[in-house]
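Please keep the sequence and the coordinates at hand while reading.

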Amino acid sequence: MTRYESAKEIYASIGIDTEAAMEALANLNISIHCWQGDDVTGFEGAGGASGGIASTGNYPGKARTPKELMADLDEALRHIPGTHRLNLHASYAITDEKVDRDRLEPRHFEAWVQYAKERGMGLDFNPTLFSYPMAADNLTLSHPDEKVRRFWIDHCIACRKIAEYFGRELGTPSLCNIWIPDGYKDVPADRMGPRRRLKESLDEIYSVELDSNCVIDAVESKVFGIGVEAFTVGSHEFYMNYAAKNGILCLLDNGHFHPTENVADKIPSMLLFADKVALHVTRPMRWDSDHVVSYNDDLKEIAAEIVRCDAIDRVVIGLDFFDASINRVAAWVIGVRNMQKALLTALLTPWEKLRAMQDEGNFTGLLAWEEEMKLCPVGDVWNEFCQRHQVARGMDWLKDVRSYEEKILPERA
């Protein structure tokens with residue numbers, strides 16, 4: 001008997017079908033963020049990230065060109081089971097001409113569409129409202145200057161049209177998510193004014209009607225950021241209400257909340273009032289530090305809420321981390337595989353049994369079962385899943401990534 005066959009019997013004894021769990025996981029797409037590969041630099045030639053965005057570390061060999069970034073992505077995808085999506089920022093336009101962000105067009109992303117088509121992937125998209133001269137003071141859509149607001153409104157409209165193009169070309173809707181760095185370092189004299197300007201800007205952005213079969217709109221909140229510690233215009237309360245009123249998605253980034261908040265706990269509440277919820281999954285360490293996603297309790301709880309709420313088709317999962325202190329390809333592989341492991345763990349949990357114990361008030365049994373489940377052989381099912389998708393089991397993938405590093409990355413010095 002193989003280890004998987006033994007695990008299958010163990011799970012069957014508690015009413016779990018491991019085959020069904022692996023099938024569900026195979027159909028679950030994760031949106032993989034391109035910006036891990038180059039420390040959120042992009043292809044505009046403007047240098048590193050700024051405006052509250054920081055990637056720490058200086059590991060050698062980061063991608064410098066579209067060709068290098070695509071090659072690194074391909075290497076990562078070789079070691080990630082299943083077919084997934086790719087998440088782009090507007091600053092990753094591929095063009096030979098200088099194009100201001102408010103003038104971006106679908107043609108500037110044709111190379112990415114071709115890349116996605118060849119790999120059977122969907123594309124998601126984000127306007128880039130940071131690391132740019134017009135965002136130098138950490139104010140964009142809420143800026144007091146109408147000219148600055150006009151620039152960023154036009155940028156966001158252009159990006160929504162690009163996302164619509166992605167969805168039309170690839171046959172799967174593209175999530176277009178707006179995050180802004182707007183806020184103040186010290187306590188503001190006026191909180192209502194900036195938020196009113198943000199609301200008016202968003203109203204104009206979303207007044208442009210696009211094909212809902214091709215683009216899904218989302219707004220992303222944050223509690224604070226570097227340089228805007230005292231006041232963030234796009235707070236969770238602002239965006240949650242705006243999204244609910246306007247029929248768009250509210251995106252939860254679990255690095256964008258107070259360290260004592262349980263972001264997983266927000267998911268079922270959001271799902272009761274919205275058709276879908278979008279996530280950016282990261283690993284905050286005391287703040288929005290965007291460490292590589294770890295298979296920890298926070299991640300497992302997020303995955304658990306998605307599965308036990310029967311919301312696999314209602315939660316759009318994207319990753320958002322950028323660690324420049326380690327091999328960037330390995331960071332992708334570790335992060336995506338950990339998200340999948342957490343989802344598989346949730347899929348292998350007898351939620352109906354546990355839910356019944358809770359409703360019956362059998363909290364002794366509930367705790368005992370929850371603790372016992374921690375020792376179930378999820379790793380054996382995971383290895384079987386990897387083998388069926390023809391990717392390395394366990395740590396076998398790392399030697400291939402090291403070989404890629406030794407052959408390819410020194411050429412970028």
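Histidine 79 is placed in the loop between helix H3 (66–77) and strand S2 (85–89); helices (H or I, at least four residues) and strands (E, at least two) are DSSP runs, numbered from the N terminus. The model is a predicted one, in which local features need pLDDT of at least 70 and side-chain atom pairs count only at pLDDT 80 or more, whereas totals for chains, interfaces and linings use all residues. Residues are numbered from 1 along each chain as its sequence is written, and side-chain values use heavy atoms, with hydrogens and water left out.

Is histidine 79 buried or exposed? Its relative accessibility is 2%, and it therefore counts as buried; the term buried stands for under 20% relative accessible area, exposed for over 50%, and partly exposed for values in between (1.4 Å probe, protein chains only). When neighbours within four places in sequence are left aside, histidine 79 is in contact with Val333, Arg337, Val391, Trp397, Asp400 and Val401, where contact means heavy atoms within 4.5 Å.

The loop between S2 and helix H4 (110–119) contains glutamate 97, and valine 99 is also found in the loop between S2 and H4. Glutamate 97 is partly exposed, with a relative accessible area of 39%, while valine 99 counts as buried at 14% relative accessibility. Each can be related to glutamate 44. For glutamate 97, the C-alpha atoms are separated by 9.9 Å across 53 residues of the chain; for valine 99, the C-alpha to C-alpha distance is 8.7 Å and the sequence separation is 55 residues. With residues up to four places away in sequence not counted, valine 99 touches Leu104 and His108, and glutamate 97, with neighbours within four places left aside, is in contact with Arg107 and His108.

Valine 215 belongs to strand S6 (residues 215–220) and counts as buried at 5% relative accessibility. Neighbours within four places in sequence aside, valine 215 is in contact with Arg160, Ala163, Glu164, Pro173, Ser174, Cys176 and Leu210. Its C-alpha atom is separated by 20 Å from that of threonine 83, 132 residues apart along the chain.

How do the helices H1 and H2 cross? The axes of helix H1 (residues 3–12) and helix H2 (residues 18–26) come within 9 Å and cross at roughly 105°. Such axes are lines fitted to C-alpha atoms, for helices over the stretch in contact, and the angles run from 0 to 180 degrees between N-to-C directions. H1 and H2 are therefore roughly perpendicular to each other, a label given to angles of 65 to 115 degrees, with those under 35 called roughly parallel, those over 145 roughly antiparallel and the rest oblique. In this contact, Tyr4, Lys8 and Tyr11 of H1 meet Thr18, Glu19 and Met22 of H2. By class, the contact of H1 with H2 has 3 nonpolar, 1 polar and 2 charged residues; Ala, Val, Leu, Ile, Met, Phe, Trp, Tyr, Cys and Pro count as nonpolar, Asp, Glu, Lys and Arg as charged, and the others, Gly among them, as polar.

In soluble globular proteins, nonpolar side chains tend to be buried together. The largest nonpolar core here has 125 residues, of which Trp112, Leu141 and Leu202 touch the most other members. A second, separate core of 6 residues includes Leu175, Ile216, Ala218 and Leu251. A nonpolar core is a set of buried Ala, Val, Leu, Ile, Met, Phe, Trp, Tyr and Cys residues joined through side-chain atoms within 4.5 Å.

The structure holds 0 disulfides, a disulfide being a pair of cysteine sulfur atoms within 2.5 Å. Cysteine 309 counts as partly exposed at 24% relative accessibility. Cysteine 386 is likewise in no disulfide, with the nearest cysteine sulfur, that of cysteine 376, 19 Å away; at 0% relative accessibility, cysteine 386 counts as buried.

Finally, the backbone deserves attention. Most residues other than glycine have a negative phi. Arginine 286, in the loop between strand S9 (277–281) and helix H9 (297–308), has a positive phi near 75° and is exposed, with a relative accessible area of 73%. Glutamine 390, in the loop between helix H13 (378–388) and helix H14 (396–408), has a positive phi of about 60° although it is not a glycine, and it is exposed at a relative accessible area of 74%.
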